[in-house]
Amino acid sequence: MKLYNEPRRVEHVDHARKSAEQAVKAIKAKESGESVAEYDYLPYFYSRSFDVAWQFYGENVGETVLFGDNDPAVAKPKFGTYWVKDGKVIGVFLEGGSADENQAIAKVARAQPPVADVEALGKEGLDFATKI
């Protein structure tokens with residue numbers, strides 16, 4: 001994993017498809033004497049069941065910071081978790097997010113922005129991700 005500067009095993013269909021595509025591009029490029037950019041995959045997992053869906057990007061290690069409303073009585077709950085390690089957000093989970101919000105959490109996991117105050121991060125919640 002280029003993002004983490006170490007080898008990783010990722011068992012997900014998204015990675016399988018993208019790494020296969022990268023391998024084909026690399027083979028074709030080598031045959032024509034060209035090169036391709038290094039494979040730079042952001043770990044990604046998701047689940048969808050009827051109208052319930054979540055997405056996760058990055059790593060799930062470090063301190064957890066919960067945000068949002070996870071009350072089951074709410075018609076459309078939206079909640080998540082940031083993982084903070086060494087003062088940076090390195091992973092994000094979001095339940096009930098829109099396509100734009102899911103793109104925002106992916107951007108956070110790739111950028112790994114610094115966080116000085118995890119309590120403030122929890123209060124800011126999803127707004128933190130939409131500002132990155």
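1. The count of salt bridges comes to 9, a salt bridge being a side-chain nitrogen of Lys or Arg within 4 Å of a carboxyl oxygen of Asp or Glu. This is a predicted model, in which local features need pLDDT of at least 70 and side-chain atom pairs count only at pLDDT 80 or more, while totals for chains, interfaces and linings use all residues. Residues are numbered from 1 along each chain as its sequence is written, and side-chain values use heavy atoms, with hydrogens and water left out.

2. E6 pairs with R8 in a salt bridge, with 2.7 Å between the closest N and O atoms. These two residues and E59 are linked in a network of salt bridges. E6 is partly exposed at 37% relative accessible area (buried is under 20%, exposed over 50%, partly exposed in between; 1.4 Å probe, protein chains only).

3. R110 forms a salt bridge with D40, the closest N and O atoms lying 3.1 Å apart. R110 belongs to helix α2 and D40 to the loop between α1 (13–31) and β1 (44–49), 70 residues apart. Helices (H or I, at least four residues) and strands (E, at least two) are DSSP runs, numbered from the N terminus.

4. K78 and E101 form a salt bridge at 2.9 Å between the closest N and O atoms. K78 is in strand β4 (residues 78–85) and E101 in helix α2, so the pair ties together parts 23 residues apart in sequence. K78 is partly exposed at 30% relative accessibility, whereas E101 is buried at 16%.

5. N102 also sits in helix α2 (residues 99–111) and is buried, at 10% relative accessibility. Neighbours within four places in sequence aside, N102 is in contact with Q55, Y57, L94 and G97 (contact means heavy atoms within 4.5 Å).
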